[in-house]
Amino acid sequence: MEKEAILELRNIRKVFDKTVALDSVSFSLYPGEIHGLLGGNGAGKTTLMNILYGLYRKDDGEIDFHGKKLNIQGPRDAINHGIGMVHQHFLQIGNYTVLENIVLGTNVAHPGTMKLDAEANKIIELGNRFRLPVDPNAVVDTLPVGTRQKVEILKALYRGVEVLILDEPTTNLTPQEVDDLFESLRVIVNEGLSIVFITHKLREVLHVCDRITVLREGRNITSLTRAEASEEIFVRAMVGDQMNIEDSVYFSHGSMANTAVDESSNPALEMQNVSWKTKEGISRLSGLNFQIKRGELFGVAGVAGNGQRELAECVTGVIIPTDGRILMDGRDVTALPVCELLKGRISYIPEDRLHDGFLPKANVAQNLILGYHRQKPYCEGVFIKWNTVYDKVRDAIGEYKIKTNGPEDPGGNLSGGNIQRVMIARAFSMDSQVLVAHNPTRGLDIPSMDFVYNKMLERKKTGAATLLISEDLDELLLICDRVAVLYRGQIVGILDRKDFDKYAIGRLMSGIQAEETADLRAAS
Amino acid sequence: MTIVRKIAPYVIAIIASFAAAGIFIALTGANIFQAYETILFTSFRTPNGFVQTLLKFIPLTLQALAFTIPLTAGKFNMGGEGQMIVGAIAASAVGIVGADLPAFILLPLVILAGVAAGALWGLIPAYLLYKFNINEILTSMLLNFVSFQIIDLVATGPWRDPVAGHPTTVQIGQGGFLPMLIKNPPLNAGLILALLVAAAVYLYTSRTTGGYELVATGANPRAAAVFGINVKRMFVFSIVLAGGIAGLSGVIEVAGVQHRLIVGLQHNFLVLGVIIALIARGNNLAVPFVAFFIAILEIGASAMQRTMNVPIEMVFIVEALVLLFVLLSDVVRRR
Amino acid sequence: MESLITFLRLTLLSMVPFVLAAQGTMLGGRAGVFNVAQEGIMLVGASLGFIGSYLAGGSTLVGILAAMLVGGIFGLALAYFTTSLKMNQFVIGLSLLFIGTGLSTLIPKLVIGVTLSQPLIPTLKDLPIPLLSNIPFLGRVLFSHNILVYFSILLSIGLWYFLFRTQLGLELRSVGENPNAADSLGINTSKHRYVTAVLGGMLIGLAGAYLPMVYTGTFTEGMVKGRGWLTIALTFFAGWSPLPVLYGSLFFAGIEVASYRFQAGGIAIPYQYLLMVPYLATILVMMFTFRKTRVPGFLGNNYDREKRSL
């Protein structure tokens with residue numbers, strides 16, 4: 001490829017507080033290509049692109065665009081130069097319409113009356129051209145994730161971008177929606193635009209990208225065209241030498257999973273017709289029935305927002321089912337308060353660690369005993385034994401490789417990955433019959449993900465059960481014994497490991513009923 | 001080393017605020033250094049000055065704790081003034097009605113009534129928060145204005161002391177007086193009560209499981225709830241406890257200092273209490289020390305107004321500036 | 001009939017400080033800055049409005065400008081500490097509240113000195129609107145007021161149009177809802193927050209100046225009497241929208257006027273009960289409306305672009 005690069009980032013450096021996020025990273029983009037930016041969490045992919053988009057300020061390095069030096073002070077400069085970015089967490093105003101979200105920040109034809117007919121027509125036209133149909137007058141909060149992503153891409157296209165950056169765009173999409181997205185991306189580059197595709201999923205880059213750059217711990221590792229690439233090269237590039245790939249669960253393609261479960265005794269967890277409605281009477285879970293055996297790793301798949309959080313909170317006692325029963329080891333635990341369940345029955349890794357699991361204003365020790373503070377050995381009568389707590393916490397910091405100054409370090413000083421380690425250390429610090437883990441590996445780098453998978457697989461040996469709720473279908477297929485699919489608060493199918501099929505699960509995730517799935521399979 | 005680093009921002013803040021106030025004092029034509037000297041040393045020049053300072057210290061400490069305890073749970077009690085007034089009213093009511101009772105019965109009743117009344121007054125915003133999820137800052141603040149009318153009502157009612165020019169009730173029974181630690185200048189046992197309360201609050205929040213739950217609730221109520229802490233109960237408990245402590249400060253004003261109910265006994269204690277609590281950054285251990293410092297400034301301010309004709313508000317501005325500069329030191333440290 | 005006209009007239013007259021202060025609060029809140037210093041800013045506005053007018057030989061205009069200037073300075077301080085220095089909005093608001101309260105009594109003492117009776121300034125004159133003021137009933141209720149009454153009504157309508165019918169309004173609201181999104185589209189979030197906080201402070205300062213300029217002709221210590229706090233409650237249950245703020249102000253003013261009218265009417269209830277009514281009524285209204293109203297999504301928070309989402 002002897003084309004001239006339209007965009008060149010050279011020797012970019014970025015330091016947050018004292019941690020070096022990017023260390024002399026370079027990146028180039030050719031016109032009309034989809035360029036994959038691959039790496040584990042914390043590799044610096046998003047940081048690099050946030051610098052290009054003007055959200056972060058670089059500490060050093062240069063950016064050339066069309067051969068000219070580019071000085072980007074903020075997103076406005078990036079947009080004016082034709083650079084657009086779709087963030088992993090959509091940056092949308094929930095109570096605005098699609099139309100208002102898209103025109104926000106641009107000069108509209110009638111700024112004094114806000115008659116937006118011309119703008120609406122342009123959006124519909126763009127949607128048709130790039131296969132991204134949306135209703136301009138829909139309120140964003142009411143839309144499903146897949147549609148909101150289309151809005152986000154249209155926002156960039158509406159501004160006439162030349163370079164489109166997509167940050168982990170496949171999170172929360174079903175396999176079918178991922179295929180549709182990839183098709184749209186092809187249409188977009190065929191019209192002459194260039195795309196930067198940030199992801200940690202190897203298979204996706206091999207599937208859709210023309211060229212691939214791998215980052216690790218804030219450094220360039222390699223940059224190859226798809227023709228030159230092979231899976232092994234990328235695996236090695238992503239994890240480096242610190243990890244033994246042969247022994248890892250992450251790269252094992254599921255061969256480490258072991259479906260032996262204890263069928264003889266009472267199930268560790270049994271859901272009987274569990275339903276939950278909000279105060280306003282909106283049904284979030286309806287008629288859930290399933291059992292988790294001792295020693296079983298039971299997965300729950302689904303697009304985010306289909307009742308996963310409510311399921312996790314019903315099992316952990318945070319909310320009480322409005323109907324049905326929950327049994328543990330044959331005993332009814334439906335209305336038991338959380339603090340009782342945490343005594344040996346349940347441990348919990350919540351999905352939204354910052355809001356549901358972490359005390360940023362308290363120190364690491366206070367965080368690690370949350371929920372267990374009324375249990376031995378942490379307390380004696382009404383007093384907390386801080387010396388014992390600190391000893392235990394120091395052990396946990398070592399075992400779970402939490403980067404911190406010690407038990408009395410304020411939680412707010414920890415990075416996202418380290419907060420997740422605290423969540424995991426807490427959940428594993430006391431024995432439990434059932435571990436409820438909701439997106440437990442979000443924000444972790446590959447070796448840490450591997451560590452968590454090993455921990456969960458270890459639980460099987462002791463006969464402890466795990467309920468793994470995850471938005472990452474690959475993760476579920478990797479280690480679970482069975483996977484249930486949650487759609488609009490209902491379980492629409494439970495598959496055994498031998499029947500695992502990504503597209504079949506994907507169809508269930510998008511609400512196509514199990515029978516139809518069977519029909520489709522028979523027909524093909 | 002760490003203690004130096006902790007205290008340094010306070011020292012800088014104090015110097016900076018005094019410097020800023022110096023400009024104003026100079027504008028009034030007064031001698032700046034004489035003014036500084038009066039503000040800082042009046043408390044230590046005479047025994048009376050020192051006792052006056054301690055008498056200020058008592059309500060200031062209690063008012064500040066009435067703010068820091070809910071703050072630990074992440075809630076703001078702006079009703080310390082109202083809780084104090086209602087506590088004082090209840091204490092005087094019991095003291096007047098039971099005027100003939102012997103001390104060993106009347107005094108406990110007076111204290112109990114005042115504390116209970118303050119706690120009940122705190123229960124109103126707490127309950128509205130619990131039941132209707134109404135912001136406690138507004139309700140507790142608005143209830144202060146209601147309490148101003150109640151105290152006026154009581155002090156101008158049947159118990160009014162006809163001799164006094166200012167709305168005031170008659171004296172409570174002798175049995176309801178707090179014992180004196182020193183006769184002359186008079187220092188009452190309220191000092192011991194305040195110190196005991198401060199120590200108990202510190203022990204509770206830093207060492208007990210209940211205190212841990214209070215801290216966890218304040219650090220992130222949602223996470224605390226997910227992990228089994230009944231945060232709504234912690235909110236209610238913290239505000240009611242604060243109300244009780246503020247009520248106690250009212251009791252001490254009545255049973256220890258004035259021996260009667262006087263309209264306006266709350267002075268500026270709420271605002272000063274909040275300033276103290278925020279300068280102490282919500283740390284219960286630091287509260288008594290900061291309260292003592294503010295008490296010195298307050299006594300100095302009155303002396304300055306008397307002897308030098310410099311308005312007392314000058315010192316109030318200094319106190320607010322100290323708070324602002326202490327808060328600013330956080331920003332400096334972040335950089 | 002006559003007493004009804006008087007009641008309605010007085011209600012409109014007493015609505016002004018609530019409208020001005022609540023619209024000021026609302027405006028800042030729409031960009032995410034939650035001001036809680038109203039009580040202090042109104043006091044210092046009242047104090048300087050009075051002093052300004054007094055020093056300028058009774059000029060109302062000078063008084064108004066002085067009050068708005070000091071309100072604007074407080075708004076600027078709030079914006080600087082919260083938006084640029086990222087300090088806690090409530091705590092900074094309280095600090096400014098205290099400083100405002102202190103300054104409000106300090107300044108008259110420094111300028112006028114301690115006197116037995118404060119001097120008086122002329123109060124605002126009524127400006128009947130030609131023709132309209134001759135309409136029976138409505139003319140006296142609606143069209144023969146001082147200029148700030150008209151201003152506060154026009155301001156409310158103007159703010160509504162600005163927020164919901166202009167491009168700038170759309171951008172401003174987006175800053176208060178989700179500054180991350182606004183910033184990523186090149187909207188200058190800090191500028192919006194500064195401008196609205198300063199304008200909001202000016203309105204709140206003006207609201208304070210209204211008290212000596214219309215009600216009393218002089219400044220007295222603590223004369224705002226909790227109206228600043230009532231304003232916050234009002235803004236909340238008006239859902240941070242200009243027109244409901246206007247209606248809510250009428251309601252507050254109505255209660256205020258009613259309790260004074262009762263008092264003047266010589267009804268045999270101790271006046272203290274009547275003086276409690278505005279606060280108790282506010283708490284009561286909050287019980288029924290607090291849950292239903294929506295607040296700007298980012299209200300009370302500070303936005304830091306480079307703070308990494310964890």
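Is A:I319 buried, partly exposed or exposed, and how many other C-beta atoms lie within 10 Å? In this predicted model, A:I319 is partly exposed, because 19 other C-beta atoms are found within 10 Å, whereas a residue counts as buried at 20 or more.

**A:I319 and its surroundings**
- A:I319 sits in the loop of chain A that runs between helix α9 (308–316) and strand β14 (323–328).
- When neighbours within four places in sequence are left aside, the residues in contact with A:I319 are A:W276, A:E310, A:E313 and A:C314.
- A:H200 lies 119 residues from A:I319 in sequence, and the C-alpha atoms of these two residues are 34 Å apart in space.

**Chain A as a whole**
- Chain A is built with 18 helices and 22 strands, and its C-alpha atoms fill a box of roughly 70 × 50 × 50 Å along the principal axes.
- The radius of gyration of chain A is 24 Å, which agrees with the value near 24 Å that a compact globule of 524 residues would have.
- Of the 524 residues of chain A, 50% count as buried.
- Among the contacts in chain A with a separation of 6 or more, 69% are between residues 24 or more positions apart.

**Chain B as a whole**
- Chain B has 13 helices and two strands; its radius of gyration of 20 Å is close to the 20 Å that the globule rule gives for 335 residues, so chain B is as compact as a globular protein of that length.
- The C-alpha trace of chain B spans about 60 × 55 × 35 Å along its principal axes.
- Buried residues account for 58% of the 335 residues in chain B, and 76% of its contacts with a separation of 6 or more join residues 24 or more positions apart.

**Where chain C touches chain A**
- In this contact, 20 residues of chain C meet 24 residues of chain A.
- On the chain C side, the elements that give two or more residues are α7 (167–177) and α8 (179–184), and α7(C) gives the most, with five residues.
- By class, the residues on this side of chain C are five nonpolar, eight polar and seven charged.

**Where chain C touches chain B**
- Chain C and chain B each bring 30 residues to their contact.
- The elements of chain C that give two or more residues here are α4 (89–111), α10 (227–237) and α12 (271–289), with α4(C) giving the most, at 12 residues.
- The side of chain C that touches chain B divides into 22 nonpolar, six polar and two charged residues.

**A helix pair within chain C**
- Helix α2 (residues 38–55) and helix α9 (residues 189–216) of chain C have axes that come within 7 Å and cross at roughly 55°; α2(C) and α9(C) are therefore oblique to each other, and their crossing is right-handed.
- Residues making this contact include C:I41, C:G45 and C:F50 of α2(C), together with C:G201, C:L211 and C:M213 of α9(C).
- By class, the contact of α2(C) with α9(C) has 13 nonpolar and six polar residues, and no charged residues.

Methods. Residues are numbered from 1 along each chain as its sequence is written. Chains are lettered from A and ligands numbered from 1 in the order in which they are written. This is a predicted model: local features need pLDDT of at least 70, side-chain atom pairs count only at pLDDT 80 or more; totals for chains, interfaces and linings use all residues. Helices (H or I, at least four residues) and strands (E, at least two) are DSSP runs, numbered from the N terminus. The radius of gyration is taken over C-alpha atoms; the globule rule is 2.2 Å times the number of residues to the power 0.38. A residue is buried if 20 or more other C-beta atoms lie within 10 Å of its own, exposed if 12 or fewer, and partly exposed in between; C-beta atoms are placed from the backbone. Two residues are in contact if their C-beta atoms, placed from the backbone, lie within 7 Å. Axes are lines fitted to C-alpha atoms, for helices over the stretch in contact, and angles run from 0 to 180 degrees between N-to-C directions. Angles under 35 degrees count as roughly parallel, over 145 as roughly antiparallel, 65 to 115 as roughly perpendicular and the rest as oblique. A crossing is left-handed if the near helix is turned anticlockwise from the far one by less than a right angle, and right-handed if clockwise. Ala, Val, Leu, Ile, Met, Phe, Trp, Tyr, Cys and Pro count as nonpolar, Asp, Glu, Lys and Arg as charged, and the others, Gly among them, as polar.
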